[in-house]
Amino acid sequence: MYRLASDFAEQAHRTQRRKITGEPYFTHPRNVAHILRDAGFREEVVAAGFLHDVVEDTPVTLEEIRAAFGMDVAELVASHTEDKSQTWEERKAHTIDVVRTGTLEQKAIIVADKLDNLQSVKYALSSEGNKVWSYFKRGYDLQKWYNESIVANMYVGLEKEEIPAYFKQYERLCHWIFRK
């Protein structure tokens, strides 16, 4: 399933580029999947990490994900997929709600996604400074609100022993970027 999900996501994102670095977009879902795999999540969660943006950002549908990878993976992808008909604020509020109320696996995919995004921001800050915020639909203040809201809600309902180490890594990086 790992290789199939990787190939599927790479094909789906083949024409896309990351907005900050300009590198092929697929590097992002691959990084998310690796974070999840390294944290010991089961293969369905890792597959959903590869696929977390395909429904949101490509013509691929949840039905296609379900047919290729099963209901479990499709539900994980669906929990992370934003409804692009909503405003940015509405979409981010929904993600924050999923982080607060979701399962460990749902939270894990979202936090892995946000960690990789902030790692790109950190890299860009070192070379471009505050210009990096111009790459986003909403600038520094709303990016700060969003990321700090993820941090404030990602531990809700989790026992200390089940929290993946990369949650703390994301929290530290968020603190470094937005409070430096």
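Here are legends for a few close-up views of this predicted model.

In this model, local features need pLDDT of at least 70 and side-chain atom pairs count only at pLDDT 80 or more, while totals for chains, interfaces and linings use all residues. Residues are numbered from 1 along each chain as its sequence is written, and side-chain values use heavy atoms, leaving out hydrogens and water.

**View A. The largest nonpolar core.** This core has 54 residues, and Leu36, Leu51, Ile65 and Tyr166 touch the most other members. Helices are DSSP runs (H or I, at least four residues), numbered from the N terminus.

**View B. Around Leu51.** Beyond its neighbours within four places in sequence, Leu51 is in contact (heavy atoms within 4.5 Å) with Ala5, Phe8, Ala9, Ile65, Phe69, Val73 and Val77.

**View C. Asn153 in helix 9.** Asn153 sits in helix 9 (residues 140-153) and is buried, at 14% relative accessible area. Setting aside neighbours within four places in sequence, Asn153 is in contact with Ile96, Val99, Arg100 and Lys107.

**View D. Helix 6 against helix 8.** Helix 6 (residues 71-80) packs on helix 8 at an angle of about 55°, with the axes 10 Å apart. Here Leu76, Ser79 and His80 from helix 6 meet Glu105, Gln106, Ile109, Ile110 and Asp113 from helix 8. Axes are lines fitted to C-alpha atoms over the stretch in contact, and angles run from 0 to 180 degrees between N-to-C directions.

How values were computed:
A nonpolar core is a set of buried Ala, Val, Leu, Ile, Met, Phe, Trp, Tyr and Cys residues joined through side-chain atoms within 4.5 Å. Buried means under 20% relative accessible area, exposed over 50%, partly exposed in between (1.4 Å probe, protein chains only). Helices (H or I, at least four residues) and strands (E, at least two) are DSSP runs, numbered from the N terminus.
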